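Hi,

Here is the structure I promised to pass on.

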Amino acid sequence: MSSIKLSSTQNSSSKSMLAGTEMKLSEKQLHQRDLQPTLNIGTLGHVAHGKSTLVRIISGISTQKHNKELERNMTIKLGYANAKIYKCPLCPRPQCYQSFPPDTKPDRPPSCKNSECTSVLTLAKHISFVDCPGHDSLMATMLNGCAVMHSATLVIAGNEKCPQPQTLEHLAAADVMQLKNMLVIQNKIDVAKSTEDLMNNYSEIKALTQGTVAGDSTIIPLSAQLGINVDMLLQYIVEEIPEPVLDESLPPRMIVIRSFDVNKPGMLDEDLDLKGAVIGGSLERGVFKIGQNIELRPGIITTDPKSKKRTVSPIKTQITSLYSEKTELQFAIPGGLIAIGTKIDPCLGKGDVLVGQVVGVSGNLPQVYDAVELAYNLMNRVVGEEGVEGGNMKKVGRIKVGDRVLLNVGSLCTKGIVRKERREKKKVMMVELEVPVCADVGQKCAISKKVGEKWRLVGVGKITCNSQKMELTQESA
């Protein structure tokens, strides 16, 4: 799909920060798999192509939980759901693979669902779904979700012409962020007009993904609504998608993708049951334990009203609880999504205020920058505009000093202004950020620009060592 290829050759060996490996899981991971997911799978694709339905059929959980989402029957925020995949020792593949809700008790494994089989199942994988919104105005939310994905499924409706605008845009995002372990789902096969239409749709999918990160991906035809071929998807997840490997020697690090105040309205400080802010995300490495002291960066950002100088104060706190869905944990390992209870003022956790923070132990977190230098590449064409296809897609113009851009760095989405730009051996720009970011040198970020009235993905950059560091002030408790 030439429209989403970068104008400069990408390094084919580049890896997602969270990419899995084929190494053998440790005993700790195998034990923890009963309690906590060890793999994050993203769902990408155009609006109303069945992403949330697929997640619900597998996990038994609806990811549309907010009032506006329920009213409009669409995903607006990143949705999350866990599921356990079990295997029957007697039934043939793929029927031997069956999914259950995450609260299935480890000491009471379920029995086989297939008729005339009463075998006790064994746990094969425990997964988290990261359900991304498909609407074009929510592209930045989708890009935030990419930060925690070990694998991604591109869901495409088999009863519509392919590609649809956000199918293109989400595939472009997967391509520039070099997501690994891609899988393509041809959904809604039950409502296609004919077998010939399905085959034509299949050919369109093959043409779309050619030359992208999904170019060699398996395409699974299914009906999420009726559960047809879902067992084939479960088999693929278990047998083909590797889990990230735990390395306890590395200091722990997690990026925050959700934050909450779990207290009831009207509770006061003197109430004994008042709880601190809860942060949610996925551990990239290391182990978190209850009682452990942690730090959040950038932390609290303040601006002097006179000098307009900004300062950042990292937040130091303690882990008071660890949860995977409703399961309480004593420690958490890399892989699935977890929630961390803290002693942070609950007001700071309301409404995802802490999204974009990086969590770890003091002395082992990246620098904080208020301006980042990016070595970047741009796509050839702007993708995702409604009603614009093929050669009619606008060319991505060069980036100039003074341009406003939108950057997705980890789970942080921040606007910025290009202050410097040069083109020598490679294209480099310095972007002054509206919100400071905590990031590693070499970390990848997605670049978007305003096209018409909407932000559109236009390229990818890597943070260089020439980025502008911020001095950290005294930590906040």
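A word on the ground rules first: this is a predicted model, so I kept local features to pLDDT of at least 70 and side-chain atom pairs to pLDDT 80 or more, while totals for chains, interfaces and linings use all residues. Residues are numbered from 1 along each chain as its sequence is written, and side-chain values use heavy atoms, with hydrogens and water left out.

Let's start with Arg33. At 11% relative accessibility, Arg33 counts as buried (buried is under 20% relative accessible area, exposed over 50%, partly exposed in between; 1.4 Å probe, protein chains only). Its side chain forms a salt bridge with that of Glu243, at 2.5 Å from N to O (a salt bridge being a side-chain nitrogen of Lys or Arg within 4 Å of a carboxyl oxygen of Asp or Glu). Arg33 sits in the loop between α1 (27–32) and β1 (39–44), and Glu243 in the loop between α7 (230–240) and β8 (253–260), so this pair ties together parts 210 residues apart in sequence. Helices (H or I, at least four residues) and strands (E, at least two) are DSSP runs, numbered from the N terminus. Glu243 is buried too, at 7% relative accessibility.

- Asp403 and Lys449 pair at 3.4 Å, N to O. Asp403 is in the loop between β18 (368–378) and β19 (404–409) and Lys449 in strand β22 (residues 444–451), 46 residues apart. Asp403 is buried at 16%, and Lys449 is buried at 17%.
- Glu204 and Lys161 pair at 3.9 Å, N to O. Glu204 belongs to helix α6 (residues 195–209), while Lys161 is in the loop between β5 (151–157) and α5 (165–176), 43 residues apart. Glu204 is partly exposed, at 24%.
- Arg398, Glu421 and Arg423 are joined in a network of salt bridges.

Now the sheet. Seven strands make an open sheet with mixed pairing, in the order β3-β2-β4-β1-β5-β6-β7 (two strands pair if DSSP finds at least two bridges between them). The edges are β3 (97–100) and β7 (219–221), each with a single partner strand, so one side of each has no neighbour in the sheet. On average, neighbouring strands are turned by 30° against each other, direction ignored. Strand β2 (residues 79–87) runs antiparallel to β3, joined by four bridges, and Tyr86 stands opposite Gln98 in β3.

Helix α6 comes back here: it lies across β5, β6 (182–187) and β7, at about 155° to β6. Axes are lines fitted to C-alpha atoms, for helices over the stretch in contact, with angles from 0 to 180 degrees between N-to-C directions; contact means heavy atoms within 4.5 Å.

Which residues of helix α2 (residues 51–59) are buried? They are Lys51, Ser52, Leu54, Val55, Ile58 and Ser59. Seen down the α2 axis, the buried residues fall within an arc of 160°, so they line one face of the helix; the arc is that of the directions from the helix axis to the C-beta atoms. Just after α2, Gly60 takes a positive phi of about 80°.

For the overall picture, the protein chain has seven helices and 24 strands, and 56% of its 477 residues are buried.

Cheers
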